[in-house]
Amino acid sequence: MRATRPGLLRALGVAAAVAWTGLALLHRDAWPWVGLVAFGASLAAAVALRPIASVVPRALLAAPRAAFVGVCALAAAAISGWVLHRTMQDHPLSIDAGTYLFQAHALAHGHFGMPEPMPAQAFGDRFLLEGPDQRLYGIFPPGWPLAVVPFVWLGRPMWTGPVLAAAIIVAQAALGRALSRLGPARPNGGVDQGELATRVSLLLSLPSIGRALETADLLSHAFVALMACVALTAALEIAERPRTRGVVLGACVGWAVAARLLDGVVLGAAVLGVLAWTRAGRRAVAWGALGAAPLLALLLLEQHAATGMWWTPTQTLYFARSDWPPTCHRLGFGPDIGCTVEHPGPVARLGGHGFGPSEGLAVVRERAGSLGEELFGFAPLALLAFVPLVAGVSAADAVLVAFVFALTLAYGLFYYGNSLFFGARHLFPAAPFFWLLVARGALLAPHRARGWLDAPHARGAAVVVVLAVAVVASRAPWKTRSADAADFQSARSDLRRTMDARGIDRGILKTRDYTAFASAFDPQWGGEDRIVAMEDGSGLMDLRRAHPDLPVYLSLAGEDVGRLYVSRPGPGVLVELERAWPAFVRPRGLATRQAVQDGASGGNVLRVFHAAPGGEVAIPFDVVVAGSYALRVDGFGGPDEGDYALLLDDQPLGAWHGFETTLTPVRSDASRRELASGRHVLVARCVGHDAASLGFDARLDALVGEPASAARP
C-alpha cells in the first residue's frame with residue numbers, strides 16, 4: 001500500500017489535521033502551559049546537546065526487537081497492576097466492570113446468566129435483567145466477559161487488565177512493523193525509521209493515564225483496541241497468507257462486535273476497506289467471515305438467552321425496562337434520544353428539541369478534546385498523527401487515520417459524553433493507532449525532506465521532545481484522576497475478600513455498592529451459607545425468612561462489617577417493590593424508577609411516571625413460605641397521582657387510589673389470598689385518576705402480606 005497518489009494523501013492529511021484542530025484544540029485548556037514549557041525546554045536541550053541527541057535513535061534500536069517489546073510489555077503490565085493494587089485496591093472501579101465480572105462468573109459456569117436464589121427480588125441490581133428463564137443476565141455483549149473467563153478459573157479475574165496491557169504493546173508493535181514494511185524501509189543513515197517509530201510509540205504509550213486506567217479496570221474498550229491492532233495488522237499483511245490471516249482478522253472483528261457492537265462495526269468497515277485494496281484481500285473475505293462466525297453466533301445466543309429474541313440486544317431490553325423513553329439508548333438523532341433516568345444531567349442539557357447534529361458535534365468535541373490529554377498529556381501532540389499523510393509516507397497510514405475518525409464520529413451518534421475517571425473511554429480503541437501515528441509523524445516525515453532534517457540529531461531531537469512532553473505533561477492528569485479514583489475506592493469493599501478476611505463462613509452480607517454486589521454475586525461460590533445482597537433499608541425480610549439461621553452483616557468501607565438483625569423475622573411477606581427495579585420490572589406504556597422517599601419502609605419507592613390509562617407494570621417476585629395472607633400494597637399518594645387496578649397472578653387484588661392533596665402514606669384495601677411458595681406476579685395497571693389529580697403517576701412502596709390469622713380486620 002505504498003502511496004501511489006501522494007497529492008491525495010497530502011490533501012487528506014491537511015483536512016484531517018484541520019478537522020482534529022476544530023474538534024479538540026480550539027480552546028485554551030487544550031494548550032496547558034506545562035506542555036508548552038516541556039516542549040520548549042526539551043527542544044532546546046536536544047539542540048544544545050546535539051551529540052547526545054544523535055545517539056538516541058541507535059540506542060533505542062540497539063536491543064533486539066523481541067527484548068525491547070518484551071520489556072515494554074512488562075512495564076505496561078506493571079503500571080496497570082500498580083494502578084489496580086494501589087488505586088483500585090484490587091477490585092473493579094466502575095459498575096460496567098462489576099457487571100462484566102458478573103457475566104464472566106456466569107460464563108465460567110457454562111451459562112450466560114446466573115441462577116436466582118430464593119427470593120429473587122433480593123438480588124436485583126443495576127445493569128442486570130431477568131431473562132425468560134428466570135436467570136439474571138448482565139446487559140453487556142458476551143465477548144469481553146468471555147476473555148475474562150480464564151482468569152476467573154485461575155481465581156484472579158482482575159489480572160485480566162495487566163495481561164491485556166502487555167498484549168496491547170505486543171499487538172501495537174506488530175502493527176507498527178506492518179506499517180514499516182509498507183512504507184520507506186531504510187532511509188539514509190542506516191536507521192530503520194519505521195522500527196524506530198514503532199519503538200517510540202511503545203514508549204509513548206506508557207505514561208498515558210488513559211491506558212493505565214482502561215487496562216486496570218475490567219473495561220472492554222482496551223480489549224477492542226487489541227482486536228483492532230491484530231485485525232488491521234492481518235489485513236495489511238493479507239497477501240502473505242490470505243487464509244490464515246483472513247481467519248484471524250475475521251475472528252478479531254467478530255470478537256470486537258461481540259464485545260462492543262458499534263466498535264466492532266467500525267472495525268469491520270475499516271478491515272473491509274483494506275481488503276478491497278488488493279486481489280488477495282478480496283479473496284480473504286470469505287475466510288474472514290468464517291473466522292467471525294463463531295463469535296457472532298455467541299452474541300446471538302446470548303441475546304436470545306437473555307431476551308428471548310435473537311436480534312434484540314440485551315441493552316435494548318434493559319433500557320426499555322429501566323429508563324424513559326424506551327428508545328433512549330439508540331444511536332442517531334431525534335427527540336427520543338437520551339435516557340432521562342440513567343443520565344438526567346446530559347439529557348437536561350439537550351433542551352426540548354432532543355439530540356441533533358449540533359449536540360452530536362458537541363459530544364465529539366468533548367471526547368476528542370479529552371482524548372489528547374489522556375493519551376499524550378499534551379493534546380497538541382496529537383497533530384503529529386496527521387503528518388505522515390501530509391508527507392505522503394504511505395497509504396497505510398490513511399487506514400489508521402480513517403479508523404480514528406470513523407470511531408470518533410460514530411460515537412457522536414451516542415448522546416452521552418465523557419465518563420467519570422475514564423474520560424473519553426469510548427475512543428480508547430483508537431489509542432494504539434494514535435501512538436503509532438504520532439511517533440511516525442515525528443520520525444518518518446523528515447525523511448521526505450532529506451538533508452538536515454534526516455540527520456541522526458534531528459531524529460534524536462524528535463524522540464526526546466515527544467517523549468519528554470508526554471512524560472512531563474502526563475503528570476497532571478495522573479495526579480488528579482488517580483487521586484479521584486483512589487478516593488472513590490477508599491469507601492468501598494470487595495465482598496468476597498471481606499467475608500474471607502472476617503472469617504464469615506455463614507451469613508448474609510449486605511452492601512449499598514452496586515459494583516461490589518455485581519462483582520461478588522455468584523450462588524455457586526457461596527451456596528446457601530454465604531450470601532451477598534443489596535441493602536434496601538428494610539432488613540431484606542423475605543431473604544431472612546428464607547435463611548432464618550444466617551446472621552446478617554452490613555459491608556462497610558474497606559473490609560469492615562457491621563452485625564445486624566440477630567433475631568429471626570416473624571412470618572409474613574414483605575416485597576420492597578423498588579427492589580424489583582430495574583432487573584425484574586416489566587413496564588408497558590409507562591416508566592418506572594427507584595426513588596428516595598421519606599417514610600417508606602425501605603427508604604425508597606417504585607416511582608411510576610409517564611403513565612396513562614392502559615399503561616401497566618408487572619413485578620415478579622418470590623414468596624418464601626406458603627400460607628394464607630392478608631395482602632395489601634403500601635405507598636404514597638399525592639397531587640399528581642393516579643388510580644391503578646392491582647392484580648396478583650392475573651386475579652384482582654384491589655384498587656390503588658393515589659390522589660391526595662399533599663404527599664401522604666396510602667394503603668390499598670387488604671385482600672386475603674392463599675400463596676404458594678415460589679414465583680408470583682403483581683401487576684399495577686393505570687385506569688385513570690381523580691378529577692382533581694394533575695397526573696397518573698404512582699409511588700408504590702411495598703407488597704405486604706400478614707398471616708391471615710394475625711391480620712387486623
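Q: Where is D649 found?
A: D649 sits in the loop between β14 (643-648) and β15 (651-657). Helices (H or I, at least four residues) and strands (E, at least two) are DSSP runs, numbered from the N terminus. This is a predicted model, in which local features need pLDDT of at least 70 and side-chain atom pairs count only at pLDDT 80 or more, whereas totals for chains, interfaces and linings use all residues. Residues are numbered from 1 along each chain as its sequence is written, and side-chain values use heavy atoms, with hydrogens and water left out.

Q: What is phi of D649?
A: Phi of D649 is near 55 degrees, a positive value in a residue other than glycine. D649 is partly exposed, with a relative accessible area of 31%. Buried means under 20% relative accessible area, exposed over 50%, and partly exposed in between (1.4 Å probe, protein chains only).

Q: And what about phi of H610?
A: H610 is not a glycine either, yet has a positive phi of about 50 degrees. The residue lies in the loop between β11 (604-609) and β12 (616-623). H610 is partly exposed, at 44% relative accessible area.

Q: Changing topic: which residues does a cis peptide bond join at P119?
A: A cis peptide bond joins M118 and P119, with omega about -10 degrees. P119 belongs to the loop between β1 (114-115) and β2 (128-130).

Q: And at P325?
A: There the cis peptide bond joins W324 and P325, and omega is about -5 degrees. P325 is in the loop between α15 (314-322) and α16 (344-350).

Q: How many aromatic pairs does a search of the whole structure find?
A: The search finds 23 aromatic pairs. Rings of Phe, Tyr and Trp (its six-membered ring) pair if their centres lie within 6.5 Å; planes under 30 degrees apart count as stacked, over 60 as edge-to-face and the rest as tilted. Y318 and F319 form an edge-to-face pair, 5.2 Å centre to centre with 80 degrees between the planes. Both Y318 and F319 are buried.

Q: What about F421 and F488?
A: F421 and F488 form a tilted pair, 5.3 Å centre to centre with 55 degrees between the planes. F421 lies in the loop between α19 (395-410) and α20 (431-443) and F488 in helix α23 (residues 475-490), so the pair ties together parts that are 67 residues apart in sequence. F421 is buried at 11% relative accessible area, while F488 is partly exposed at 37%.

Q: Which residues form one aromatic cluster?
A: The cluster is formed by W20, F376, F386, F405 and F434.

Q: Is H221 buried or exposed, and what does H221 touch?
A: H221 is buried, with a relative accessible area of 2%, and is found in helix α10 (residues 220-236). Not counting residues up to four places away in sequence, H221 touches E214, R260, R425, H426, F428 and P429. Contact means heavy atoms within 4.5 Å.

Q: Now the whole protein chain: how many helices and strands?
A: The protein chain has 27 helices and 19 strands. Its radius of gyration is 29 Å, close to the 27 Å that the globule rule gives for 713 residues, so the chain is as compact as a globular protein of that length. The radius is taken over C-alpha atoms, and the globule rule is 2.2 Å times the number of residues to the power 0.38. The C-alpha trace spans about 100 × 55 × 50 Å along its principal axes.

Q: What share of the residues is buried?
A: Buried residues make up 61% of the 713 residues.
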